[in-house]
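Let's take a walk through this protein together. Keep the structure open beside you as you read.

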Amino acid sequence: MATGSSSGGDEVGELRGAASSFVVSGPGGVAVRTRLKQLTPDDGKGLRLVGGHLGSLASKDLRTRCRDGLEHSGDTWAVRKRELTLLSSSRWAGSITKATHGQWALARRCRSAHLQNLEAGVRTVEGRLSLPVGQKGTRKAPGGYRSQREWHAKSRRLRVLEDRLAAARADREAWLVHIVRGGRRLARTWQHLEAAQLTESGWRGLWEAERWFCQADGGSGKRYGNETIRVSPDGEVSIKLPAPLAHLANAPHGRYVLACRVAFAHRGEEWADRVEANRAVAYRVHLDTGRDRWYVTASWQIPPTPTLPIDAALAHGVIGVDMNADHLAAWRLDVHGDPTGSPRRFSYDLSGTAEHRDAQVRRALTRLLHWARTCGVRAIAVEDLDFAAEKTREKHGRRKRFRQLVSGMPTGKLRARLSSMADQTGIAVIAVDPAYTSRWGAQPWQKPLAGTTRKSTRHDVAAVAIGRRAQGHPIRRRTAPPPPHRSDAVGHRTVQAGRRVPGREGIRPRILGPRTRSVPPGRVANAGNQNAQHRPGRSTEHGSWQQDSFPLSL
């Protein structure tokens, strides 16, 4: 099953129209990371003290911002920043307040999405409860519940959803948000340390590390692009210490210089050019508790790359890509929309940690882009997937495995990764509407593209459908017209077969038997038996000829 497809009815009137394809814009920023190696014990202790102190200030500021609610204004923001400046510095205070506002806004957006999910769940359950038990559903709407027991359980479920919806609406009206610095999942793990295979001290270390704060925004015109966390072109890292920790400074002006030197392997030259030109670069220092390693992440904004016109991007063909739960199915199409070569499959494993899943996605996309460069294609067509409304428990009911499959597909991360990586290789990414790509691709393309040594899957032909839609071609194949319509007066034509014509999507079979001007002589079913043709003189080849005697009754 290609999860990127959409289902539709059998009637033409029930099918929704496909949206126009468009070229995805490039990334607006860059983030690179490197490890802080060969840190001394004093360096590790100093980083922990700085992160813990600034983390406590960030927690207090977030609590104040959540308490303000609708009363927040520029004056209250200035008051918060002045209070933080006394305990840190003006630059640290600016970074903390900016991060607080971003976290608060993200919580507001998440609550809006949660409200939409609750409202959709309530509508679905109410609709199914209003139907008779056992009534079958349709393609557009689910039917009633299967048994009286399930109906009773869902009625109780409806009361729970309504209570949650009322509480969420009340919080929205009061402008209240619920945020857990460090993560709600990690906070709940405190009650299940044995199941998580953690000790109390181990959990405490994870909790404190997640709540640390050690990040600073850059500024153009400042030395090396950042006055708070500064990284020189030769790799020297220095941090401006907060006022209470100024006694730990080992450099002038209250700065602490780490003993290690850093170098960015990815986009290192671009980073060095920005640093030498004193252009803004933001840094974040964080600890990987699982490996006990310190890392520094540098990020900066880049001007958006001008998007190519879609006709220019498709000048050398396109590669259609169908995203699935464990692989990317790809097929190359020429400028006429015909698949060439063999389909390709780029597998990945989305189990394990987030770092492992991210590495698997990057590896699959790297192989895809490398293949595109070798083919000379400058465009990759992908589906514009959005499973935000496809994950609800109420919509799919007992299809728990399908919900887990859809929820596990990193559609947003893959789209962002692909656009960012393709921007560096000069390959355009074209987003197409995912409606009916698997269904319409399998009907006309799966059988003709299969051979004795190759078996095309639904995912492969879905990639063909995606590529054809990006090129503006119809997905369905065109068949030749009947012989009476192949007239020299109007020229040879190729038209779309009717919707009710049998076998319109496949190759027309050869009809046995004599046909006028259609089958050459000797190609009909009885060509081998000349006696069956009733031709004079043909029986001499099989025996002597004699005229039958007349009947005696004449």
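Which residue takes a positive phi just after α14? That's G472, with a phi of about 85 degrees. Before going further, a word on what you're looking at: this is a predicted model, where local features need pLDDT of at least 70, side-chain atom pairs count only at pLDDT 80 or more, and totals for chains, interfaces and linings use all residues. Residues are numbered from 1 along each chain as its sequence is written, and side-chain values use heavy atoms, with hydrogens and water left out.

Now the overall view. The protein has 14 helices and 13 strands; here helices (H or I, at least four residues) and strands (E, at least two) are DSSP runs, numbered from the N terminus. Of its 554 residues, 38% are buried, where buried means under 20% relative accessible area, exposed means over 50%, and partly exposed is in between (1.4 Å probe, protein chains only). The exposed surface comes to about 32700 Å², and carbon and sulfur atoms supply 50% of it; areas like this come from the Shrake-Rupley method with a 1.4 Å probe, and for residues only the protein chains shown count as cover. Take the contacts (heavy atoms within 4.5 Å) with a separation of 6 or more: residues 24 or more positions apart account for 66% of them.

Let's start with strand β9, residues 318–323, where 6 of 6 residues are buried. V318, G320 and D322 point one way, while I319, V321 and M323 point the other. On one hand, β9 pairs with β10 (residues 327–333) in the antiparallel sense over 6 bridges, and two strands count as paired if DSSP finds at least two bridges between them. The two form a hairpin with 3 residues between them, and V318 stands opposite L333 in β10. β9 also pairs with β12 (residues 379–383), this time in the parallel sense over 2 bridges, with G320 opposite A381.

Next, find helix α13, residues 437–449. It bends by about 45 degrees at Q443, and a proline, P444, follows within four residues; the bend is the angle between axes fitted to the seven residues ending there and the seven starting there. Its buried residues include W440, P444 and W445, and the buried residues of α13 pack against β10, β11 (339–347), β12 and α14 (458–471).

As for α14, its 14 residues reach 20 Å from first C-alpha to last, close to the 20 Å expected at 1.5 Å a residue; the expected span is 1.5 Å times one less than the number of residues. Since 13 of the 14 residues are buried, α14 is largely enclosed by the rest of the structure.

One last stop is S232, in the loop between β4 (229–231) and β5 (236–240). At 6% relative accessibility, S232 counts as buried. Leaving aside its neighbours within four places in sequence, S232 is in contact with Y224, W271 and V275.
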